[in-house]
2 protein chains.
Amino acid sequence: MRQSQLFTKTVKELPKDETSYNAQALIRAGFIDKVGAGIYSYLPLGKRVLDKICQIIREEMDAIGGQEILMTALVPKENLEASGRWDTFDVLFRLAGNDQKEYALGATHEEIVTPLAKKFIFSYKDLPFGVYQIQTKFRNEKRAKAGLLRGREFLMKDLYSFHVDQADLDDYYDQAIKAYHRVYERLGLKDLTYLTYASGGSFSKYSHEFQTLAEAGEDLIYVCDKCHVAVNREIIGEQSSCPSCGNKKLVEKKAIEVGNIFKLGTKFSEPFGVRYKDQGGKENTALMGCYGIGPSRIMGTLVEIYHDDKGIIWPADIAPYKVHLLSLNENDRTEAIYIKLKQEGISVLYDDRDKPAGEKFADADLIGCPYRVVVSKKTLMDNGVELKGRTSEAGKLIKLENLAAELL
Amino acid sequence: MRQSQLFTKTVKELPKDETSYNAQALIRAGFIDKVGAGIYSYLPLGKRVLDKICQIIREEMDAIGGQEILMTALVPKENLEASGRWDTFDVLFRLAGNDQKEYALGATHEEIVTPLAKKFIFSYKDLPFGVYQIQTKFRNEKRAKAGLLRGREFLMKDLYSFHVDQADLDDYYDQAIKAYHRVYERLGLKDLTYLTYASGGSFSKYSHEFQTLAEAGEDLIYVCDKCHVAVNREIIGEQSSCPSCGNKKLVEKKAIEVGNIFKLGTKFSEPFGVRYKDQGGKENTALMGCYGIGPSRIMGTLVEIYHDDKGIIWPADIAPYKVHLLSLNENDRTEAIYIKLKQEGISVLYDDRDKPAGEKFADADLIGCPYRVVVSKKTLMDNGVELKGRTSEAGKLIKLENLAAELL
């Protein structure tokens, strides 16, 4: 992408009314635009990042057999009455249709996926299966001050699984935990992210959150460094030792909840009547699990964790472009390098603008691509370019003929 | 995909309360699920079709330099007041936030994209540009009986362009028309789709719709067969001859509006104050164009047009899978064929279910993949399979070693 063509621009001033670092940096760098508190549009750079996060999640859901669907944002009142949540779910946006019906905007989708699944479940042979979607969700929050960490409108991947019995649900749940660990590893969050024991509701001893250590986190978790798990504040009273190894020296840390998985049991399948015939012909109620992760919150989390005083430092697999190519008054020569790198399959943001070098350097640091390549009269005299990693102190001269290989 | 793993099933009965063919067929074949009138979830087969339609549109928008973004579904009341549409736009879903603010659900996005663009437009050098999104839209319709042709919640690609003057807008508009023609060609709708002259509002003589001939269409258009354009009902009174060649023999036909492009001029840039400095340093208001196409309506349109009494007939590039592979009690041998075809990069829906042959044939016709491959004791005796195109009367025997080449 030629930066001169990109319709967004970086902004020097801190955005008004924005106290969270992630929103400040993402707005200044042109990744997102604030429409209202907790309501953000994704601009070209931000859309690319969001798509990469979604694709990683999608691949790992597909790998455990998840079938992708797209449910509706409009959830009819009768569905939420069937589950008993129309009156009790405090963050629902409720609205009236011209068809004399009432709807809520989907904050979660058990009330849509459960009656959907019921239509295709008759026998034990139809189970188990998992369906997921990546979709905009809505929560009518009173306050939303944490940028992408807590939105009124945000992106969510939600997976739902259906099972004949507890053993099958437990197996799938363990598979989902492994898939989630792979997701966080690919997102560059492995070391900072803890499987965190939370209260389990009626159907299991625990549910689990995935919590990523971060100063900006709204949650407190209690970490066992021996086995890299934690417990959340909700259960630290009753469970003051590590549920995995018994270690009693748990350390309090701030964290961001980046995922949440839950054994729903028959909480929704019972009211919606999701029943199947077992091998003996007896009717039973199916069991369910649900597994959530928010791509937009992940984006905010990455920015909170990976930045310095100059700007964002994207993990390599998440960055909008791998290379930020800066021409310092050498557009003719740089154009050829841009074309060459693209031909090699390397994604490049090419700063071809008529701007001072200092401004280009500052923008590159703010936007945060993993590699910066500078083409100037000086580097060309040595028949090369300057290559610098975003977090390296200094760059090094690379001969033109070696550049692509160096970046692959 | 192994059909035994697919969580959906085909349904013999016509769905209740569904009078449109497209919704009947898509529900019966397991592509969509009805949540409410005009409100549908996309199931695995349907999601694949929708993704293919979106990808074709995306590629053609990228080809004319469109920059992809994702705007918000929640549109603050003040944005719609600025344009004067809060009180007049009759199909808005309006809702109240817990933040004491009011919102509408986006039915169109001029009120979000215009203030967004304003933030990055200062000089004539910042123009022109085009931004687009593929996003869920909402229209609070009183009635919604046409399946995917008219939804309360539906998918929309909307592109917006920004220009220094009328000539530049006109140029871009003509480019957009060409891009739209390429989209309909790739969707398999070229011959049936007419550039249709519609009323232009204050800023141009005409706007344009793209109308696809179909018995299920809600619109009447007046077609000039000489130059493959049409005029819509709105302007047939004042314009009873072909605006392109003057032909007076226009033929009335039923059609579905599959796209709409419009020169907005300063209708939105004026109230939102999108101004730029021209080369002489003088301030001017930017001009805008908007260009819409609904992927979900396209999906419904394809089904209305391409079907027979047995089911859907997907165009090759839109089909959920290229090949429907049917094992008639020969799963061991068919498994190897399935693996081989997938390795060749051919998308395959593999019917490995324990079902009678007749049911498998009926499902293949209903789902509508372009090729059906049948593996039976009889075909294997000749070391082959039966290959049949969806619209062919009879299949032909293909030797196993030639199958992949035949399908590539």
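**Entry 1: ground rules.** I am working with a predicted model, in which local features need pLDDT of at least 70 and side-chain atom pairs count only at pLDDT 80 or more, while totals for chains, interfaces and linings use all residues. Residues are numbered from 1 along each chain as its sequence is written, and chains are lettered from A and ligands numbered from 1 in the order in which they are written.

**Entry 2: chain A as a whole.** I looked up the secondary structure and found eleven helices and 23 strands in chain A; helices (H or I, at least four residues) and strands (E, at least two) are DSSP runs, numbered from the N terminus. The C-alpha trace of chain A spans about 80 × 60 × 40 Å along its principal axes. Of the 408 residues in chain A, 49% are buried, where buried stands for 20 or more other C-beta atoms within 10 Å of a residue's own, exposed for 12 or fewer, and partly exposed for what lies in between, with C-beta atoms placed from the backbone.

I noted two domains in chain A, domain 1 (21-308) and domain 2 (323-407), with bounds that come from an automatic or database domain assignment. The C-alpha centres of domain 1 of chain A and domain 2 of chain A are 40 Å apart.

**Entry 3: how the two chains relate.** I checked the superposition, and a rotation of 180° with 0.0 Å of shift along its axis places chain A on chain B with an RMSD of 0.0 Å; copies are superposed by least squares on the C-alpha atoms of residues with pLDDT of at least 70 in both. This is the relation of a two-fold axis. The C-alpha of chain A nearest the axis belongs to A:L95, at 2.7 Å from it.

**Entry 4: an open sheet in chain B.** I followed three strands of chain B that form an open sheet in the order 4-6-5, with antiparallel pairing; two strands pair if DSSP finds at least two bridges between them. Strand 4 (74-76) and strand 5 (94-96) of chain B stand at the edges with a single partner strand each, so one side of each has no neighbour in the sheet. Strand 4 of chain B pairs with strand 6 (residues 102-105) of chain B over three bridges in the antiparallel sense, and B:P76 has B:Y103 in strand 6 of chain B as its bridge partner.

**Entry 5: strand 10 of chain B and its partners.** Is strand 10 (residues 206-213) of chain B mostly covered or mostly uncovered? Strand 10 of chain B is mostly covered, with six of its eight residues buried. Seven bridges hold the antiparallel pairing of strand 9 (residues 193-199) of chain B with strand 10 of chain B, and B:T193 has B:T212 as its bridge partner in strand 10 of chain B.

**Entry 6: backbone details.** I found a cis peptide bond from A:L127 to A:P128, with omega near -5°, and A:P128 lies in the loop between helix 4 and strand 7 of chain A. A:D17 is not a glycine, yet has a positive phi of about 60°; A:D17 is exposed, with 8 other C-beta atoms within 10 Å. B:H228, also not a glycine, has a positive phi of about 55° and is partly exposed, with 13 other C-beta atoms within 10 Å.
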